[in-house]
Amino acid sequence: MGATASLETNSFATTINLNVSFFDLRPKENYHAKTNILNIEEKVITAEGIVYGQDGAVAAKAIGMFKASPVKQ
């Protein structure tokens, strides 16, 4: 989610708050995740992420807040 926030704002994103709910802790061979930006307000980005197991079932959900900082060149 932080990487998506960084790409969306073209900046470095620092995690302010991250809440994760786990639904399936059994190890899987493969996972995939989807991330959505919910809100961008000044330098604060709110994003959600969902992790799916190889069977398509939700393994975890998260919501986080990130602070955007300019990338120094």
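Student: Which residue's side chain does aspartate 24 join in a polar contact of 2.6 Å?

Tutor: That's lysine 28: the side chains of aspartate 24 and lysine 28 are joined by a polar contact of 2.6 Å. Keep in mind that this is a predicted model.

Student: What makes the pairing of aspartate 24 with arginine 26 a polar contact?

Tutor: The side chains of aspartate 24 and arginine 26 come to 2.9 Å. The cut-off is a pair of N or O atoms within 3.5 Å, one able to donate a hydrogen and the other to accept it. So 2.9 Å falls within 3.5 Å, and the pair counts as a polar contact.

Student: Where is aspartate 24, and why is it called buried?

Tutor: Aspartate 24 is in the loop between β1 and β2. Its relative accessibility is 15%, and buried means under 20%, so aspartate 24 counts as buried. Leaving out residues up to four places away in sequence, aspartate 24 touches Val58 and Ala59.

Student: Why is asparagine 10 called exposed, then?

Tutor: Its relative accessible area is 67%, and exposed means over 50%, so asparagine 10 is on the exposed side of the cut-off. Asparagine 10 sits in the loop between α1 and β1, and has a positive phi of about 55 degrees although it isn't a glycine.

Student: How do you know whether glutamate 42 is buried or exposed?

Tutor: Run the check again: glutamate 42 has 79% relative accessibility, the cut-off for exposed is over 50%, so glutamate 42 counts as exposed. You'll find glutamate 42 in the loop between β2 and β3. Its phi is positive too, near 55 degrees, in a residue other than glycine.

Student: How do you know that β2 and β3 pair?

Tutor: Count bridges: β2 and β3 (residues 44-53) have 10, and pairing takes at least two, so they pair. The sense is antiparallel. As one example, asparagine 39 has threonine 46 in β3 as its bridge partner.

Student: What makes β1 and β2 edge strands?

Tutor: The four strands run β1-β4-β3-β2 in an open sheet, with antiparallel pairing. β1 (12-22) and β2 (31-41) each have a single partner strand, so one side of each lacks a neighbour in the sheet. From one strand to the next, the twist averages 20 degrees.

Student: Which strands does helix α1 lie across?

Tutor: Helix α1 (residues 2-9) lies across β1, β2, β3 and β4 (58-69), at about 50 degrees to β2.

Key. Residues are numbered from 1 along each chain as its sequence is written. This is a predicted model: local features need pLDDT of at least 70, side-chain atom pairs count only at pLDDT 80 or more; totals for chains, interfaces and linings use all residues. Side-chain values use heavy atoms; hydrogens and water are left out. Helices (H or I, at least four residues) and strands (E, at least two) are DSSP runs, numbered from the N terminus. Axes are lines fitted to C-alpha atoms, for helices over the stretch in contact, and angles run from 0 to 180 degrees between N-to-C directions. Contact means heavy atoms within 4.5 Å. Buried means under 20% relative accessible area, exposed over 50%, partly exposed in between (1.4 Å probe, protein chains only).
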